[in-house]
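Subject: Structure handover

Hi,

Here is the structure I said I would pass on. Please open it and keep it beside you while you read.

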Amino acid sequence: PNSCFREAIFEAQLYIFFIESRIPRSFTKLIVFCRVEMLIHLCALALLMTSEAFYFPGVAPTEYKKNEELSIKGVKITSIKTQLPYEYYSMPYCKVDTDKVRYSPENLGEILRGDRIVNTPYKIKVLQETICSKLCDQKLTKEQVKIIIDRVEMRYMVSMLLDNLPVAMAFVNVETKALQYDVGFPIGFEDNGNIYLNNHLDFTIRYHEVEDSTGEKLYRIVGFLVVSKSYASESLKSVEQPKGSLENCAIDERIAPKPLEIDSEPTISFTYGVTWEKSDLAWASRWDTYLKMSNVEIHWFAICNSIAIVLFLSGILALVLIRTLRRDIAKYNDDSDELDEALEETGWKLIHGDVFRPPQFNTILTAFLGSGLQIMCMVCIILVFAMFGMLSPASRGALMTAAIVLFMFMGLIAGYHAARMYRTMKGSHWKKAAVLTASIYPGTVFGIGFFINFFIWGRHSSGAIPFSTLLSLLCMWFGISLPLVLCGFYFGYRKQPYDIPVRTNQIPRQVPDQVWYLKPVYSALLAGILPFGAVFVELYFLLSAFWQNQFYYLFGFLFIVFIILVIACSEVAMVLTYFQLCGENYHWWWKSFHFAGSCAYYIFAYSVIYFFNTLDITEFTPSLMYFGYTFLMVFGFWLLTGTMGFYSTFFFIRKIYAAVKQD
């Protein structure tokens, strides 16, 4: 990382030197902007190099006394092959009494994730160990045996909680030989074509010892590990349970486990053991076990490399743009008569009377811009809060809940600015534009999500959104987001439109034939490369976190990548729009949106490659879920990046046309 940092500083110095040496003194503000931009980049990079991500794993630790009873809760069972979670008790595990089954209250994010947190019959007391405690004997039906075999073949994992800490399974990485941890434990395993059910769990609970003000010892849970095993029921022997002990059985490991057979109705004994280990790990750092699961060095190198490449390419783009603009503005402001004939034949000044001509379908463009602004505001706030640890993995479902709530309330800001742009584009039906702005992205998400939800319902998965939750989301949409967008439009449309430095002619000019690289297909391929190069590494980690049940917590990296993405999209849109104006094509409104948003096409292509090369999904419903949710992600990203490019291009065009003398 230090060598990457030095390389970035060297390239930044070259970047500033080349630009300042070619900028006239009249562009003092631009020089200051370049210096500030580089300062932001370098400070952010230095912060990342010298510090690690931090977070607040919880509000306050829960402290337990010796022999105090703890509660293990079941969350769900999940599989990276099917992407369909199921409730914990969808498996024939031992249950508490029917009248004692308690589902924990869940936030919106947990419900959408498919979590259904419920109590289990495991009895655990602080510092009390047991080698074998029997839960129950379960007589399995043929249908239950078939379900277990199918889910073992699909590699389902069981998720459980103790003190809000997920159970983890330790394993040795084959490539690095390092000890790593995976969340959950497998339902069973396959050996020589036979399926075995893991019916014994060995829990290892790590604790940190503290003292209260009176000197009494208290204990905090800092680790929750498990080893799952399969034993034959014949290997289990009952023993006399000592008073105050949890141990009531013994296992003869010499007897081999029995595989499950189709059309059989075996009786399975479920048992567990508990071991307590003292740890020096502080309670605030207990999530390190789960968050340090990947090769961090590769992540560091990839991020540093992306920053260096994007800074270098951004410098080249800015250099070309500024040098060309300086020459053009000098020519157009020259009073010499010798240039009149040349300027009458070519140049972007010739279309000054058409460049701000309102675009076609300005209502739809306004809706896209408003939705993009709404997403942008939500993403910025989410990243800032997540960087400071307020949306850490310990706060289950908090990230998704915050994203939905913020998106709803950002409708006021989006409506206000979209209305001003709509009025600038000479729009007259502001109510129609407001309703379309408030509906186009949430409506797409709700429609596709509702369609996919039917298939998930058909599989009886806990990932299916309950009908009551769907009604709640509809109420938030129509009761919060829509009124706020309408309110923002009402005030924004009554504000003055953005100042236009030139008058628009009554008769539009004819647009000449364009060069090949400004045609829609080629321009999309050219424009999307640079922004995609800034995000593709982080995109891999995000996709892995979402589809492979991994934790993502490096929001500092993500924030830096987001800043680079904003700069890259803005510069690409401005440069290609400038080339288009030089070709006397004044239809830049939609083109600027298209130029910056073309990065989304690369992301969709990358997602397709990720699906076939990385994931092991074979069934129809999981495939439908993947491509449906990927489309929603790509559509939102297209709106976000397109809005960035449009607004940067709009203010860029205003600036350059205000800098030349008009006839």
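Below are notes on its cavities and on some of its helices.

First, the ground rules. This is a predicted model, where local features need pLDDT of at least 70, side-chain atom pairs count only at pLDDT 80 or more, and totals for chains, interfaces and linings use all residues. Residues are numbered from 1 along each chain as its sequence is written, and side-chain values use heavy atoms, with hydrogens and water left out.

**Cavities**

The whole structure was searched, and 2 cavities of 30 Å³ or more turned up. A cavity is a set of points, on a 1 Å grid over the protein atoms alone, where a 1.4 Å probe fits but cannot get out; lining residues have an atom within 4 Å of a point. Grid points are joined across faces, edges and corners, and a volume is the space filled by probe spheres set on the points.

The largest cavity holds about 100 Å³ of space. It has 13 lining residues, and Y88, Y93, Y122, L201 and F270 are the closest to its centre. Strands β2 (118–125), β11 (200–211) and β15 (267–278) each give two or more residues to this lining. Helices (H or I, at least four residues) and strands (E, at least two) are DSSP runs, numbered from the N terminus. By class, the lining has 9 nonpolar, 4 polar and no charged residues. Ala, Val, Leu, Ile, Met, Phe, Trp, Tyr, Cys and Pro count as nonpolar, Asp, Glu, Lys and Arg as charged, and the others, Gly among them, as polar.

The second largest cavity has a volume of about 40 Å³. Its lining includes N199, Y231 and T271. Here the classes are 3 nonpolar, 5 polar and no charged residues.

**Helix α15**

Helix α15 covers residues 555–582, 28 residues in total. From first C-alpha to last it reaches 40 Å, close to the 40 Å expected at 1.5 Å a residue (the expected span is 1.5 Å times one less than the number of residues). Is α15 enclosed or open? It is largely enclosed by the rest of the structure, because 23 of its 28 residues are buried. Buried means under 20% relative accessible area, exposed over 50%, partly exposed in between (1.4 Å probe, protein chains only).

C582 sits in α15. C582 counts as partly exposed, at 26% relative accessibility. The C-alpha atoms of C582 and I351 are separated by 9.1 Å, yet these residues are 231 apart along the chain. After α15 comes E584, whose phi is positive, near 65°.

Best wishes

Key:
1 Å grid on protein atoms, 1.4 Å probe; cavity = no way out; pocket = protein on both sides within 12 Å on 5 of 7 lines; lining within 4 Å.
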